[in-house]
Amino acid sequence: MKTPFHLNEKTILVTGATSGIGFQVVKSIVEMGAKVVISGRNERKLNNVKKQFGDAVIQLLAHDLTDEKEIESLASLSVNLNGVVHCAGIVNPYPIRYLNFKKLDETMRLNYYSAVVLIGQLDRKKKLEKGTSIVFISSISAQHPHKGGATYSSSKAALESFSKVVAMEYSHRRIRSNVVSPAMVKTPLYEKAAEDASHESMQAHVDKYPLGIGDPEDVANAIIYLLSDASRWVTGTKIVLDGGCLLGY
Amino acid sequence: MIDENEFVRLLENEFEDVEEGSLKPDSSYREIPNFSSMYALIIIAFIDNEFDVLLTGEDLRSTETIADLYAIIQKKLNK
């Protein structure tokens, strides 16, 4: 049977590849036949990822995506791509009354500015092949924010709008751009949130998930679909992955 | 670094329903009226803002009184 549900002969850049959702994306797309370019700040961690996946990882790019020049250099060095999964991101809850430009910048730079400049630079350096699929990781908190989320929720909402602009500007080359929007997923970021929150408030949140909270694999599976030719007619849209927690809202 | 009493006054000032002079160094900050996870967030952000010291959830859990908070800030500043 001929199926479009595979990633054979595709080269895909994954940012934030050393942990959480990014690491799982590398693992899952390698299993689906892709070659992977991995990006992260820490060279040692990138080498560890390379060790685990061997020849499927064809390039390591140790760059800090909060720095414009580094993004430019990443784009110059990268091989040509058929897919981009931008996973790099941070969560930094902060009450509005203490926010200033510097504090906003910490989150916005990585969660939003880096996405814009990365796509722009990859395009200018002609690294995006015809038909490239771009996937951004948003969060249900873009539409369903939380207290302290002025930076995180807003950065993800900005990212979602940006993805639609990418979809429009690049459609003539059949380049597609989509977003996955997970609710709570068991990642190091989650572990940190769980550690920071009280046990009761965390349990109260987890209880809202009819299917329980998600695994990174659940997010990676949706990303595989968006990267594959099975989704060739899908662009400028969003897949919500929430274990049913938004049902009834 | 300001002294402990001044720290108590500054912290007091950050909360709506706290009367001036009602908190003492040995007051438990969790007993501030309407204390919630939002207040915990405010304490972390206030300390980050004022002293450039970032407390973790673990730090916060290890403290009970305002004096404990003051001590942990000093410890981190001296590192």
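Modeller: A residue is taken as buried if 20 or more other C-beta atoms, placed from the backbone, lie within 10 Å of its own, as exposed if 12 or fewer do, and as partly exposed in between. By that count, buried residues make up 24% of the 79 residues in chain B, while 43% of the 249 residues of chain A are buried. The model is predicted, so that local features need pLDDT of at least 70 and side-chain atom pairs count only at pLDDT 80 or more, whereas totals for chains, interfaces and linings use all residues. Residues are numbered from 1 along each chain as its sequence is written, with chains lettered from A and ligands numbered from 1 in the order in which they are written.

Chain A has 8 helices and 7 strands, where helices (H or I, at least four residues) and strands (E, at least two) are DSSP runs numbered from the N terminus. Among the contacts in chain A with a separation of 6 or more, 71% join residues 24 or more positions apart, a contact requiring C-beta atoms, placed from the backbone, within 7 Å.

Now to the packing itself. Helix α1 (residues 20-31) of chain A packs with helix α8 (residues 216-227) of chain A at an angle of about 55 degrees, and their axes are 9 Å apart; axes are lines fitted to C-alpha atoms over the stretch in contact, with angles from 0 to 180 degrees between N-to-C directions. That angle makes α1(A) oblique to α8(A), since under 35 degrees counts as roughly parallel, over 145 as roughly antiparallel, 65 to 115 as roughly perpendicular and the rest as oblique. The crossing of α1(A) with α8(A) is right-handed, that is, the near helix is turned clockwise from the far one by less than a right angle, anticlockwise being left-handed. On the α1(A) side the contact includes A:I21, A:V25 and A:I29, and on the α8(A) side A:V219, A:I223 and A:L227 are among the residues involved. By class this contact has 9 nonpolar, 4 polar and 1 charged residues, with Ala, Val, Leu, Ile, Met, Phe, Trp, Tyr, Cys and Pro as nonpolar, Asp, Glu, Lys and Arg as charged, and the others, Gly among them, as polar.

A second pair in chain A, helix α3 (residues 68-77) and α4(A), packs at about 35 degrees with axes 9 Å apart, and its crossing is right-handed. Here A:E68, A:I71, A:E72 and A:A75 of α3(A) meet A:S114, A:V117, A:L118, A:Q121 and A:L122 of α4(A), giving 5 nonpolar, 2 polar and 2 charged residues. In the loop between β4 (81-86) and α4 (101-124) of chain A lies A:I96, which counts as exposed because it has 11 C-beta neighbours inside 10 Å.

Chain B comes to 4 helices and 0 strands. Its contact with chain A takes 10 residues from chain B and 11 residues from chain A, and α2(B) gives the most to the chain B side, with 7 residues.

Definitions and conventions:
Two residues are in contact if their C-beta atoms, placed from the backbone, lie within 7 Å.
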